[in-house]
Amino acid sequence: MSDSDLIVYRVTPARPAAHIFAVELSIPNPGDDAVTLSLPAWIPGSYMIRDFARNIVSIAAEDAAGPVPTRKLDKQTWRLTPGAGALSIRYEVYAWELTVRSAHLDRTHGFFNGTSLFLRVHGRDAEPCRVELLPPADPDCKEWRVATSLARDGAERWGFGTYRADDYDDLIDHPVEMGCFDVVAYRVGGVPHWMAVSGRHRADLARLAADLAPICAEHVALFGELPVDRYLFLTQVVGDGYGGLEHRFSSSLLCSRDDLPRPRGAAPAQAGDTHAESDYRRFLGLCSHEYFHLWNVKRIRPAAFVDGGLDREVHTRLLWAFEGITSYYDDLALVRSGRIDAKGYLEALAESLTKVLRNPGRFMQTVTESSFDAWTRFYKQDENAPNAIVSYYGKGAMTALALDLGIRRDTGGARSLDDVMRALWERHGRTGIGVPERGIEALAAEVTGLDLYGFFAQALETTEDLDLPALLATVGVEMRLRPARGPKDLGNVADAFEPIEPASDVGIRLATDGESRVAVVLDERPAQRAGIAAGDVIIAIDGLRVDGATASERLRVLPIGQSVRVHVFRRDELMAFDLTPAPAPADVCELRLDEAAPAEVLARRQAWLASLA
Ligand code: ZN
């Protein structure tokens, strides 16, 4: 195909103050048949129908003979019948959603995913195309540059100009940032990597790069090869935000300013102030997570995604593996690469286990059901979600941990989940052959030589708790459960386990916005029995006024078994309930490194946490 035959997308941040991108789609040879155009309903990696086409605020087409009428077929599809010569479709897209999944434009920057901007030309998905990124006319924006992993086709690095994509899938897999941003570069196995950071910040980017390089190297060592010639982290810094979305050659990250490492020369964190470091650890975990996806889900893909389109939901029972295994390895790479020590890793592990264990919904839904229903349940969580669903991230990571430790134990350390991942890469990643719904189970059995049927049947098809204490003991980690010491208690690592203090519980989670509003009423617990409901605003406990600052603590210290009167407003109606606190359930995870374990156990722990790079 000659260059002049290529479909071209021309993108202009046309009206930043109105948050409008202008796009011109040129089809040099539209043919004689009707041309059908559509925008995806969802973006890969985020399993919810988002109907991006609703942000197309105007569309018009013309060819050599003049205007061509566009006819809308459904919420996201247009059809036109060209008359003569090249067809040009001009449309405007409203972009005012600052997430990694959509598009955002103002005078400070522009960001978009191709799923928000690029209409698909039906029947021509497999053709290469060209992307021209034009600078904004606004003089306030004259310093703007471009960060994207799109292949350059004449554009300078970080410049506006011409880029290209191999096909439509490739076209929508490279988010684009325009604006003034900082860039830090590093290499992994000789391959250039960058992080572009936009938004207001003063972070120590040199430290960030020095930490990212060994984390990325761990993942490369695990899979045995790095299948990219470039990789870009696109990071947007805001006051309060968190999120990431994976792509084949890049990922988009949204983080809070305080998640990034403190600027060089700033006063060091005060002794005992581990908050800054734990926020940074979480951010490194996010980077590690999205980078792992470069293999696991972007190249090793469920067969359902290989065959499915983007116009409606695509169901798979495998998200427990694609998100859960990725979540397991994201923190594991931090300890394997020496960014955190074994105790730091166990702190992160205790927290992720607690987040699963404290929700009764884990007894209502299996991890494969959670995967299948991601679209309408995990992605559309309401006040009842903690009672009704389990996270395929959290329970999936727990399943990956149990699988890894079980394989290590039962093969005498000869095999691990690492071997299963490498086999998945060779069988499905390198070849592009989709993973069948039971494919991971079969491959894990094949690679390890173990009969894993019973394990997978329990972990994937039931809601029974996995025997984590026994599995962790095989790597010299003691685990026990105890009652929560407060609403923010997500577990800990202890040098020695203290005697367990009984605690009282009412089964309420309050809103995190500082109001004394009930966000969640946990199933079969005292508040539900008393009649308190999500949305109620608590105004008095035991006849004394409370507010957002005091309600939580007052609820926490109520004595077990003694009824107290609680006054709430439900809508505008004052209601009173008699609440009788019960003993708190043991649903918080406490871990301890057992340094007195037998030598073979300590050696197994060593192998589990050791660098592969
Ligand atoms: Zn993920």
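**Notebook: zinc site, salt bridges, a helix pair**

I looked up burial first: His289 is buried, and Glu323 is buried as well. I keep in mind that this is a predicted model.

Next I checked the zinc ion. Its protein donors are His289 (NE2), His293 (NE2) and Glu323 (OE), at 2.0 to 2.1 Å. I read the donor spacing in sequence as H-x3-H-x29-E. His289 sits in helix 4 (residues 275-293) and Glu323 in helix 6 (residues 319-336), so this pair, 34 residues apart, links distant parts of the chain.

Then I turned to salt bridges. The structure holds 45 of them. I picked out Glu92 and Arg15, whose side chains meet at 3.7 Å, N to O. That pair joins strand 8 (residues 87-94) to strand 1 (residues 7-15), 77 residues apart. Glu92 has 23% relative accessibility, so I log it as partly exposed. Arg15, at 43%, also counts as partly exposed.

Strand 8 came up again. Glu24 and Arg90 form a salt bridge, 3.7 Å from N to O. Glu24 lies in strand 2 (residues 20-27) and Arg90 in strand 8, 66 residues apart. Glu24 counts as buried because its relative accessibility is 15%, under the 20% cut-off. Arg90, at 46%, is partly exposed.

I noted one more pair, Asp594 with Arg592, at 3.7 Å. Both are buried. I also found a salt-bridge network linking Arg480, Arg482, Arg485, Asp489 and Glu590.

Last, I examined helix 10 (residues 394-410) and helix 11 (residues 417-429). Their axes come within 8 Å and cross at roughly 110°. That makes the two helices roughly perpendicular. On helix 10, the contact residues include Leu403 and Ile407; on helix 11, they include Leu417 and Val420. I list the contact as five nonpolar, no polar and three charged residues.

Note on methods: Residues are numbered from 1 along each chain as its sequence is written. This is a predicted model: local features need pLDDT of at least 70, side-chain atom pairs count only at pLDDT 80 or more; totals for chains, interfaces and linings use all residues. Side-chain values use heavy atoms; hydrogens and water are left out. Axes are lines fitted to C-alpha atoms, for helices over the stretch in contact, and angles run from 0 to 180 degrees between N-to-C directions. Helices (H or I, at least four residues) and strands (E, at least two) are DSSP runs, numbered from the N terminus. Angles under 35 degrees count as roughly parallel, over 145 as roughly antiparallel, 65 to 115 as roughly perpendicular and the rest as oblique. Contact means heavy atoms within 4.5 Å. Ala, Val, Leu, Ile, Met, Phe, Trp, Tyr, Cys and Pro count as nonpolar, Asp, Glu, Lys and Arg as charged, and the others, Gly among them, as polar. Donors are N, O and S atoms within 2.8 Å of the metal (3.2 Å for Na, K and Ca); water is not among the atoms, so sites may look incomplete. Buried means under 20% relative accessible area, exposed over 50%, partly exposed in between (1.4 Å probe, protein chains only). A salt bridge is a side-chain nitrogen of Lys or Arg within 4 Å of a carboxyl oxygen of Asp or Glu.
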